[in-house]
Structures are given as structure tokens and as C-alpha cells.
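Hi,

Here is the structure I said I would pass along.

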Amino acid sequence: MSETVNHKLLRRVREARRFDVQQVARALGTKPERVAAFEEGHVEPTFSQVEKLGDIYGLSSFYFYGDAVPNLEAPPLDFRTENPEPAKLSVSAASLIRRAAEVGALLKTVIDRTGVQLRKDVIARISSGTAQDAAKEFTGSSSVLTRLDRSDAAGAFALARLYAEASGISVMTATLSENDFRGCYIHAERALPVIIINNKFWSKKSQLFTLFHELGHHALSAEGVSNPNIVRNDVERFCNQFAAEVLAPTEEFKGLLTSVSRPETVNDFAAVARFISDQTLLSVAATAIRLVEVGFAPRPMLNEWFHARPQRAVID
């Protein structure tokens, strides 16, 4: 093993993790120019800096003193894009996902060794093709959903989380940057699946919707990061429709609309969305999308409403 750092490997690992120099510099507590100098071989990082780089990249620091290229797993897919590709994540989000995968592996080992019996994973066995049919198949197989209190989103989230974990799907919550994912589903080899919910600034209804959205990813075996407010591909459309149908079945939702008039303006649209949201477990944003899906309001009105909101959505 060399006594000096393999500077070419530093760059190779950073690029494999899809971090830019600025991200690594912030995490390392130095300037981007310094990180660039490490990678170009102009400056030798200190031992403590190499240790910190190992933490940032999720590697043992001894790799940086050798020629062997570590076998790095690819970042999860980013379903916020039209054609999902490996996600470009913050250092903290990438670290959290690695820890979540480790938790999934540990839980699988514990369960295998102790013989703990998990409840039947209904979602993984869904055979229906459409999101609506999949939701009906799921709700028809799970009595837990009949106990969700429509007036208590926090309680409903806790119950849904308990159901998922009893089925062998670990659910983690964490506070991440607004630019990081809103939800993440990972299922590493020889590990239990894990769902991560970003609770930064999100209401309990939003977190509940995201949880069922990620359970949709579980049904599709589609690992990756997502944001239900950004819909650019069929996977996200399926997961949003699955979550909406579970939390507010179409016929039930349409029944609530009999007491309101069709919106003529964006202000009317916002008022209807808030009114219906108050009577369901859907967030206002999810309710707004549902109004369009059931044909109660036109899509341009939805797009105008979302455009005026601080947290904008992209629904293609």
C-alpha cells in the first residue's frame, strides 16, 4: 500500500457517487479548490481528511492508498425525471440511503436467524395491471385500511407504517434538504426493503400519501427516489394513482363532490381542493390532482394553481 493518496481514485470515486466538487468541499469543511488539488495530485490530504472522505463516499479510507478500484453500487434511480437515471443526491441523502440499505440487511439477518414470522406481504403479491385495480386488490386484502381514521392523518400514518413494517418493509423518516427526494424505496440484495420519507416541511397527510406512493414502488419493484409532486413517467403516475385510490377511492371521492359546484376560477378550484381535503386523508395537492383525474376540473386549472404555489409541482 502506498503512503500517498491515489489522487486519480479520489476523482473516480467522487464521480461514481455523482457528487460535484462543491458538495464534497462543503462536507469536508474546505474549499472546492482544495478538493480539486487533492484530485489533481497537487496537494496531499491529511490523514483526517482522508478518513472524512471515506465517510463521505461510504468507503474504508485504505482504498485511497491503493490501486484497487472499489466495487461501488450505483446510486438509486431518480424517478423525478422522464427517463430515470442514477440520482444526483446530496452527501447527507446518499449517506442516509447507504445506512438504510445496511438496516435492511441487518433486519433480514435478524429475522432469518430468529425465525420471526412476518405477516403476508400483500403489496408484493399484487397481480392487477392498473393502479386502481391494484389499490382495490390491496385494500380488499388488508383489514388495516378499514381502521384508518379520516380525521387523524398522524394516526393513519402510524398505522400504515406499522402495517408496512409488520409486512417486512422498514419505514424511516428523516429531515433532508428540500431539494432531496420526498420519498425513496430501496431493496438491496439479501435485505428487507426500506422506505425513507423526507419529513422536511411536509404535512402528515403529505407524508402519508408519500408512504403509499412508495408502497406503489414496492408493488412495481421499482427502486429509486421520487417526489409525488413531480410526475414525468409511468412509474410515478402508477404510484400516485395507487396512493390516491387507497386513501380516497374513486367512488367515495366522487360522492364528496356532489355537495360542491364545479370550479370556474382558480380560486374556486383551490377552495374545493381544501374543502375535500379536509374530509379525506389526501393532502390539498393530492386532492387537486384527484379533482382532475375524476374529470371534475380541467388540467389547465390545476397547472395554473400549482404554478402559483410556493412548492410547485410538475405533472406531465
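This is a predicted model: local features need pLDDT of at least 70, side-chain atom pairs count only at pLDDT 80 or more; totals for chains, interfaces and linings use all residues.

Helix 2 and helix 3 have axes that come within 8 Å and cross at roughly 105°. An angle from 65 to 115 degrees counts as roughly perpendicular, so that is how these two helices sit relative to each other. On the helix 2 side, the contact is made by Val-21, Gln-22, Val-24, Ala-25 and Leu-28, and helix 3 brings Pro-32, Val-35, Ala-36, Phe-38 and Glu-39. Sorted by class, that gives 8 nonpolar residues, 1 polar and 1 charged.

The C-alpha atoms fill a box of roughly 75 × 50 × 30 Å along the principal axes. Of the 316 residues, 50% are buried. If you take the contacts with a separation of 6 or more, 67% of them are between residues 24 or more positions apart. The chain exposes about 15,300 Å², with carbon and sulfur atoms supplying 49% of that.

Back to helix 2, which spans residues 21-28. Which of its residues are buried? They are Val-21, Gln-23, Val-24, Ala-25 and Leu-28. The cover over them includes helix 3 (32-40), along with helix 1 (7-16), helix 4 (47-57) and helix 5 (91-114). Both ends of helix 2 have something to look at. After the helix comes Gly-29, with a positive phi near 75°.

Arg-18 has a positive phi of about 65° and belongs to the loop between helix 1 and helix 2. With a relative accessible area of 30%, Arg-18 is partly exposed. Arg-190 has a positive phi too, of about 55°. You will find Arg-190 in the loop between strand 3 (183-186) and strand 4 (194-198). Its relative accessible area is 65%, and because anything over 50% counts as exposed, Arg-190 gets that label.

Helix 11 (residues 266-277) and helix 13 (residues 299-308) have axes that come within 10 Å and cross at roughly 85°. Helix 11 is therefore roughly perpendicular to helix 13. Val-266, Phe-269 and Ala-270 of helix 11 meet Met-301, Leu-302, Glu-304 and Trp-305 of helix 13. By class, the residues of this contact are 6 nonpolar, no polar and 1 charged.

Trp-305 also turns up in the surroundings of Val-284, a residue of helix 12. Beyond its neighbours within four places in sequence, Val-284 is in contact with Ala-273, Arg-274 and Ser-277 as well as that tryptophan. At 25% relative accessibility, Val-284 counts as partly exposed.

The side chain of Arg-290 makes a polar contact of 3.2 Å with the side chain of Thr-250. Leaving out residues up to four places away in sequence, Arg-290 touches Thr-250 along with Ala-244, Glu-245, Ala-248, Pro-249, Phe-253 and Leu-282.

Ala-174 is found in strand 2 (residues 170-174) and is buried, with a relative accessible area of 14%. Where does the chain come back to it? Ala-93 is 81 residues away along the chain, yet the C-alpha atoms of Ala-174 and Ala-93 are separated by 9.3 Å. Not counting residues up to four places away in sequence, Ala-174 touches Leu-96, Ile-197, Asn-198, Asn-199 and Lys-200.

Cheers

Methods
Residues are numbered from 1 along each chain as its sequence is written. Side-chain values use heavy atoms; hydrogens and water are left out. A polar contact is a pair of N or O atoms within 3.5 Å; within protein, one must be able to donate a hydrogen and the other to accept it, and residues adjacent in sequence count only if both atoms are side-chain atoms. Contact means heavy atoms within 4.5 Å. Buried means under 20% relative accessible area, exposed over 50%, partly exposed in between (1.4 Å probe, protein chains only). Helices (H or I, at least four residues) and strands (E, at least two) are DSSP runs, numbered from the N terminus. Axes are lines fitted to C-alpha atoms, for helices over the stretch in contact, and angles run from 0 to 180 degrees between N-to-C directions. Angles under 35 degrees count as roughly parallel, over 145 as roughly antiparallel, 65 to 115 as roughly perpendicular and the rest as oblique. Ala, Val, Leu, Ile, Met, Phe, Trp, Tyr, Cys and Pro count as nonpolar, Asp, Glu, Lys and Arg as charged, and the others, Gly among them, as polar. Accessible areas come from the Shrake-Rupley method with a 1.4 Å probe; for residues, only the protein chains shown count as cover.
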